[in-house]
Amino acid sequence: MLEEGRINGRQLFFIMFWTIMATAILNLPMLITRYAPRDGWLSAVVFIPTSVLIVWIASKLGAMFPKQTLVEYSDLVLGPWLGKFVSALLILWVFQAGSIVYQEVVGFFAVSILPDTPLVVLVILVSLAPAYAIYHGLEVIGRSSDFLFFIILGFFTLIYLLLIPEFDYTELLPVFGDGIGNILRGSLTTAVYGGELILVLFFYPYIKDNQKVGKILVSTIVASGIGGILTMAAYTMVFGLECNFLTLPFYHMSRYASIGRVVERIDPFFMISNFLGSYLKLSVFTYVIVLSLAQLFRMKNYRKLIIPVILALNIVGFYSFGSLMQVIDFTDKIWPFYSLPIQIGIPLLLIIVAKFRGLGYRERK
Amino acid sequence: MLKKLITKIPQTLKSKTKEPPVWSPAKQSVTNNLKDNMDYLQQELANCCDLVSRPLKIGLDNSTEAFIIYLDDLVDSFALEKTLQLLMQGNQSITNTIEKPLHKVIYDHLLTAAQVKPLDDLNTLIQEILTGTLGLVLDGETVCFSLGIKSGSENRPIEEAPSEAVIRGPRDGFIENIRINRGLIRRRIKSPKLKFEKMTIGTLTQTQVNIVYIEGLALASLIQEMKQRLERIKIDGIIESGYIEEFIEDTPYSLFPQTMVTERPDRVAIALLNGRVVVLIDTTPFVLIVPASFTRMLEGVDDNYVRFPFANFSRVLRLITLNIALILPAFYIAISTFHQEMLPTKILISLAGVREGLPFPVLVETLFMETTFEIITEAGIRLPRAVGSAVSIVGALVIGDAAVNAGFASPATVIVVAMTAISTLTIPAVEASRSIRLIRFPLLILASAFGFLGIVIGLLFVLIHLCSLRSFGVPYLDPLAPLHLTDFKENIFRAPRWSLSKRPTEVSENNPTRQPVMPKGKPPKGNEE
Amino acid sequence: MMKKTITYTFILVLLLTLTGCWSKRETENLAITNAIGVDKINSGGKVMYKLSQVILRPRKLGMSSKSLASGSEQTYEVVESQGQSLEEALQNISAEIPRITFLAHTQVIILGQSVCVKNLNEVLDFLTRVSDIRYRSSIYVTKGNAFEVLLAKPAMESELGKEIFGIGTYGKTQSFEVQEITLKDFSEKIITPGLDAWAPVLEATRSDKLKNENNLKVNGLALFKAEKLGGWLNKTDTQGFILAYGEAKQGSLTVAIADLGQIAYLFNKSKVKISVQINQEKRITADIIVKLSGEVVESGAYPLDDLEDFKLAETRLNQRFEEQIRSAFKQAQESESDILGIGRLVERQDKALWDSIKEQWPKMYAEVAINVKVDSKIIRTGLRNKTFNGKFIK
């Protein structure tokens, strides 16, 4: 076995919650408000059913093969050549998603806190902690998420609570003023973030009680949906139409929050919590890639792959995008349109073929 | 050249091959001939000036020759003379019949010491003598005896453990004699289920090591694991529990201790009641408690005795001081060099004003003051008691004050460093406070390079490391990670005694209930005249 | 494995020591700016931006404030620079000041009239794009040039920025002729269609005392029409507007009642409801309903004997308040500045209609009729009941 550690359902919830929210908070509100400036929170509401759909398909697939990872059973289901091809395709998609995440995170820190630091150093800083965690395995990632979940949540809630006096609910009116079409277009990219939960398929057997995984994932989606609604609503209520113009929305909100007008500009707090959340997200992504590559190539130990994969992710990220604006443009206009088919299509394909061939664990009636 | 340096370091870290121990005795049987036995014994123990031996005749009919041998320092002379008296005067009514061999008769009737061991190996006899027994060799018999009349030898009086003082609670602490330590534990837990298993570790020191546990509470696998790890130890001498600690830890090169060390028997008793396993070691008052977890490091024993609001208050306070001790200097550096916008304007202005004429950047200043305080702390341990407190106070004041006046440091830095030093001293477990002192310095450097991000990265690394630590199978950060909310009642906060009806689950899946639903204190119902 | 770990750690440690610490700024090397003023001036034929900053000089510890009585110039310094864009002006300062520019503690931003008339867009772009300036800074407008106002001497505080900030913060809790607006609200109001921005006016008045210094005073409001300056409100109109806006925390009004005398009324609770009615011919009427409650704090010869007197006083007060609000609104309509957000209210009520008229809204705004109704209650009379009226005659 490549991985001996196990995580339980609650740790899964904690990890996946921040996997979605950590970078969603960074750039996503800006993408949504491009289309629906006042009704952004409605796009966040639409996020819930679309992502639940994707997650439901994925969890059905996982439940059919509870003891194996996706890489392992796609060989079984589709045959050796096609199976490996499909796994490689998914791994490549995860790889690209991961490189975008690295770009977003490094870009965020370069803009907000350490503008003069060379990017190489920032990359090393950001990548060190996930590398160390993956070296120790899934269980350590799970345990650290147990510890960190409430800390990160606490920081966010603090900033949120400090902003409540600034809320002006009239900014949200008129509801549906932006038009349903815009709202739906705004929610397209959010669905991709929800679809990141298919990463669970890659380490499904290492979760204890994996009959409950489906429910846990759905509750993760609902929780992050609620978080997204609250964030978007707060963003619109504080900034009004200006949210159309600002990058890094939550960062601006944290800059505006003040403790009694004595301590202002508490954005380092937001930066800390975002760093911790990004650590969890990057750990999960990199772990999935490393583990799956090791399984694909039948390696005994995935530890050798950690540093090469991280380096590759960063290099690919740097060379694909010239600037932060390109990253944002890409995630807005191109990324959803081929991610969603992959996220929905490949699990669906595997389910159909497996049912057709009579494979997979079936519930005894 | 760099490569040579890099390859050299691991080589020195590789353990050296084991050399054969100095004295590995094979079996040397007792022969019938008294003279041979005597010669062998005296030859093996030659040049030991505390060795005393004399021949005597056992009193049945004064016909049996025998030979006693013992070490003077370890034997209680009063009990010795009493035993000899009985041996030599004997019981005239017992005759030597043919059915029973002589040594059996002597064993049954004449040896009045309570602890007698018949042996047939002279080397074992020598080992016994070395622990303070009286050796008796009989002529014509292949069995010799070792009579246990150990004295208490001179021991330190039982007084409060100097490293763990409490406000409320018993004031006895372990001393260097393992028998007395055992007694201290026995007095607290009077149950036949309390087991002490003996092991001897160290080929030259032959130190007695006891594994203590309550059968039925402690997991059998834990006890087994402990035994295995102790048996693995092949070393020439165990002087202190620290030696054993380093052998049995899961991750020996970590900065954090994975066993708890204590001098207090009440702490040991509480741990045993929770299902933990304790290791007692002769000649040292420090015992090891296993498994350990990080939250235990923050716990003082009197949290359990004091009323629960105060206990929780002091726990919260200790948590704050832990954070201060770890982060405050780094936080100060990060805020004043990277994140000045967080400070209120008034503070920023006074900070800038105060730093106007100072030559060094904040990092150098803080490192200088920190190192100074560490030196003072270290010196304070070794100063003779009479001069100790005066010198340390004056030293701290003078150095701090003089530094400020000379323009080396700013008062803000001195305040920060002083608060940190005091906070470090409030952490109950000495081992953990040392770890924290060590971590503080890299955090300082990271903070001066990258601000808050540096601090967060450093702490995240420490967290991941802690998450990966296990102490005998128990995750080190239990119950924080993995999250066991029900254990919070005991570990993090201290709920009132009447609600702690379950033992913490980290160790005691065996027997989770202490007592079913304990009654709260309530005024009696009914009449209140 | 051990070898590799050591090698990597070695490299990392080396990296840390080789590097400088790039984004580090020591506190004693900062030029802390407390207030900035933006103008557009003609210099040598070219039109340039002029940026003036109030830079603080932290005192060394132990120096008593007596030695600084010679002038509060000691605690701060007004530094001016010019450039074609604001960023250029900012850069030009670094050739004069031996410190690192640090705008993050700016509490007050003063916009000169020259900037408000034409180039507000560029200024706001600079202020919000640069990562240092807080969104919570207060915006003030001057009728002349900002740098002249910054030459005034603060009357009480040690620094100019703190003085202006204090006038805004504490002034608005005490009287309703002063109101603050933060940068965020200001820029938000400028870009939202159906709403217009306003800012308090700061002026430096020449005091008549022998010292011949300038003192600062907040006087009235500047009204904006999209991103251009529209008009001004004087003091009484400002009071009316702030009352209608709903932000009046406390305020007092003195009214003369018939020939009987005058009273001063202090209210500390106000509740405002503005709603919009759209009738068949697409005529828009705004209803402003204000409810106040407060007490009489000064009565000059007006008898306060029985309840009828109070009713008369309340009626007179209502009249005066309504006059103020109407006058303010009329002035705003003349400046085509929809400061009360009537347009937004229309949008909230009937989006389809709004979408059709939003282009012409500034013109249509002038035709909006308002109904004002103020209901002020006198609930207490302080510590006296009857008026002071000379000798007591039964």
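**Entry 1: chain C overall**

I began with burial in chain C: 49% of its 394 residues count as buried. Buried is under 20% relative accessible area, exposed is over 50%, and partly exposed lies in between (1.4 Å probe, protein chains only). The model is predicted, so I kept its limits in view: local features need pLDDT of at least 70, side-chain atom pairs count only at pLDDT 80 or more, and totals for chains, interfaces and linings use all residues. Residues are numbered from 1 along each chain as its sequence is written, chains are lettered from A in the order in which they are written, and side-chain values use heavy atoms, without hydrogens and water.

I looked up the secondary structure next. Chain C has 12 helices and 13 strands. These are DSSP runs numbered from the N terminus: helices are H or I with at least four residues, strands are E with at least two.

Then I checked contacts, meaning heavy atoms within 4.5 Å. In chain C, 70% of the contacts with a separation of 6 or more join residues 24 or more positions apart. The chain exposes about 19400 Å², and carbon and sulfur atoms supply 51% of that. The areas are Shrake-Rupley values with a 1.4 Å probe; for residues, only the protein chains shown count as cover.

**Entry 2: V276(C)**

I picked V276(C) in strand β11 (residues 261-278). Buried or exposed? V276(C) is buried, at 5% relative accessible area. Leaving out residues up to four places away in sequence, V276(C) touches I284(C), T285(C), A286(C), I342(C), L345(C), V346(C) and Q349(C). I also took the C-alpha distance to V368(C): 9.9 Å, across 92 residues of sequence.

**Entry 3: nonpolar patch**

I found a nonpolar surface patch of about 900 Å² with residues from chains A and C, among them L119(A), F318(A) and Y8(C). Two elements give two or more residues each: α11 (306-320) of chain A and α1 (2-18) of chain C. Patch residues have over 30% relative accessible area and no salt bridge; nonpolar side chains (Val, Leu, Ile, Met, Phe, Trp, Tyr) are joined within 5 Å, like charges within 9 Å. A salt bridge puts a side-chain nitrogen of Lys or Arg within 4 Å of a carboxyl oxygen of Asp or Glu.

Which element gives the most? α11(A) does, with 5 residues. F318(A) sits in that helix and is partly exposed, at 31%.

**Entry 4: chain B**

I noted three domains in chain B: 34-147, 178-292 and 308-475. The bounds come from an automatic or database domain assignment. The C-alpha centres of domain 1 and domain 2 lie 34 Å apart.

E365(B) is buried, at 1%. Its contacts beyond four places in sequence include R355(B), F408(B) and T413(B).
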